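Dear colleague,

My notes on the surroundings of one of the ligands follow it.

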Amino acid sequence: MSKKSYAVTIAGGGSTFTPGIALMLLEEHDRFPVDKVVFYDNNAERQETVAKACEIYFREHAPELDFSYTTDPVEAFTGIDFVLAHIRVGLYAMRELDEKIPLKHGVLGQETCGAGGIAYGMRSIGGVIEILDYMEKYSPNAWMLNYSNPAAIVAEACRVLRPHSRIINICDMPIDLMDKMATMCHVKGGRRSLQYSYYGLNHFGWFTKVYDSEGNDLMPEIKRHMAKNGYLDGIEHEEGREQHIDESWIYTFGKAKDVWAVDPETIPNTYLKYYLFPDYVVETSNPNYTRANEVMDGREKRVFGACRDIIAKGTSEGCGFEADAHATYIVDLACALAENTKERFLLIVPNDGAVSNFDETAMVEVPCIVGANGYEKICQGKVPQFQKGMLEQQVSVEKLVVQAWVEGSYQKLWQALTLSATIPSAQVAKEVLDDLIEANKGYWPELK
Ligand SMILES: NC(=O)c1ccc[n+]([C@@H]2O[C@H](COP(=O)([O-])OP(=O)(O)OC[C@H]3O[C@@H](n4cnc5c(N)ncnc54)[C@H](O)[C@@H]3O)[C@@H](O)[C@H]2O)c1
Ligand SMILES: O=P(O)(O)OC[C@H]1O[C@H](O[C@H]2[C@H](O)[C@@H](O)[C@@H](O)O[C@@H]2CO)[C@H](O)[C@@H](O)[C@@H]1O
Ligand SMILES: [Mn+2]
């Protein structure tokens, strides 16, 4: 597809991540030239605040850019090369319920894991498939780079419902963890210079090898840090940076020490804490103030406050908008597809033997080489018994959720919740499910 410049649609234009990603696209213009950006959202009001502020920013910093925003799919998806998708069906109000309803039953409540993740998955599948269908109808050669959550369930749904679609699901958690590993090992060139092996499902995986650009094995040093402080040694202590990291994330990066101790041969994804220490997570959660509240009081207020400020002043000068440097992985991926760079990415893809002793139809997260014709997986061989057991259980949860959504099956969703390592019994699973059904009326398909 190599072109002089590209047209990009950001689906979920009203997202708190949109300004950071839009500014990042401008910053990366030299290696990924973008001449057209369209914001698309199904919530006109929320999107307008973000879009009007970005419009002012673009006018002042990139007047040549063809920018528009819309809720009309024809306008949004015609003549484009890439869709960057970050939608949240149900907004933070529903995330809050995903987190608080399970906690009411003594079960962990989390955005993408356990009961909360299952509830969010049941809402997201339809929204992501709808956007994929719009893209394929109006720009059949475009690629959709999806990081809408819960990515594991969304990816499985796309595999089942749209197996030939040009969608790539990717997550930024391992990228952030690689940044931290590079920092703790003082690696020159940072995360991009690391060579790694990794296997798992999204938000459910393990690094097995990490080398620097000269081939030196970094695992012994990373393990020493994990044993002492989890990922905390990887947090940069530059002035001003730490205050951007909320308390709950600090706990998560620290708790990785205990998660690592369960299998000291590998380096875990932080999200494994929800499956290995669900009782600890429940004990340390405040059922009246969860991460959704922290985000609504923090990131959402900050981003929307800055947008309103720009709109009121008519200028973006001194507005506090910042490019999301962390999100440059999205441009790396778009460049790989557009320019055939054959770079290595951790993607969520059909297993087909990449993890040889695991379900061939699972959507696994493994390293892939990406070029103009898509991705090729790098085989990770066999996983040990412990990981195999965990993976079999979790992939069954995710597959049952998708089957429940497709068939409208109460029974299968109940089984999915029952099977989750975060839920103690079929009885509790049923009680949580019945409350979630009530809360998600209008978002989930009707279950029989
Ligand atoms: N995979 C990753 O690494 C990663 C990292 C960060 C965030 N995320 C995900 O990005 C998404 C956005 O997060 P946020 O916190 O900014 O949420 P947000 O609520 O601020 O923004 C989401 C936007 O999506 C819109 N939307 C919802 N349903 C839609 C639909 N069917 N069609 C079009 N637009 C729709 C909403 O109106 C809203 O403006 C979430 O899914 C989040 O989990 C993923
Ligand atoms: O609770 P949130 O909404 O702040 O974050 C949930 C997302 O968390 C991951 O992304 C993180 C990132 O990995 C972390 O280090 C931090 O710095 O920022 C990101 C966004 O908050 C995860 O990969 C996403 O899937 C979650 O949605
Ligand atoms: Mn993620």
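In what follows, a residue is taken to surround a ligand if one of its heavy atoms lies within 4 Å of it. Please bear in mind that this is a predicted model.

By that criterion, 15 residues surround ligand 2, and the closest are Arg 95, Asn 149, Asp 172, Arg 291 and Arg 299. Sorted by class, this shell holds 7 nonpolar, 2 polar and 6 charged residues.

A side-chain N or O atom of Arg 291 is placed 2.5 Å from an oxygen atom of ligand 2. For Arg 95, the distance from a side-chain N or O atom to an oxygen atom of the ligand is 2.8 Å. Tyr 271 has a polar side-chain atom 3.1 Å from an oxygen atom of ligand 2. On its own, ligand 2 has 530 Å² of accessible area, of which the protein covers 83%.

As to secondary structure, two or more residues of the shell are given by each of helix H7 (173-184), helix H9 (247-262) and helix H12 (291-313). The largest share comes from H12, with 3 residues.

The UniProt record, an unreviewed entry, assigns the feature "binding site" to Arg 95, Asn 149 and Arg 291. I examined the latter two further.

Arg 291 belongs to helix H12. Its relative accessibility is 18%, so Arg 291 counts as buried, the cut-off being under 20%. Leaving aside residues up to four places away in sequence, Arg 291 touches Arg 95, Glu 99, Asp 246, Ser 248, Trp 249 and Arg 299. With one of these, Asp 246, the side chain of Arg 291 makes a polar contact, side chain to side chain, at 2.9 Å.

Asn 149 sits in the loop between strand E5 (143-146) and helix H6 (151-161). Asn 149 likewise counts as buried, because its relative accessibility is 16%. With residues up to four places away in sequence again left out, Asn 149 touches Glu 111, Thr 112, Tyr 120, Ser 124, Val 154, Asn 202 and His 203.

With kind regards

Definitions and conventions
Residues numbered from 1 in each chain as written. Chains lettered and ligands numbered in written order. Predicted model: local features only at pLDDT ≥ 70, side-chain atom pairs only at ≥ 80, totals over all residues. Heavy atoms only, no water. Polar contact = N/O pair within 3.5 Å; in protein donor to acceptor, adjacent residues only side chain to side chain. Areas by Shrake-Rupley, 256 points an atom, 1.4 Å probe, with all protein chains shown as cover. Helix = DSSP H or I, 4+ residues; strand = E, 2+ residues; numbered from the N terminus. Nonpolar A, V, L, I, M, F, W, Y, C, P; charged D, E, K, R; others polar. UniProt positions renumbered as here; feature names shortened; annotations may be inferred. Buried < 20%, exposed > 50% of the residue type's maximum accessible area, 1.4 Å probe, protein only. Contact = heavy atoms within 4.5 Å.
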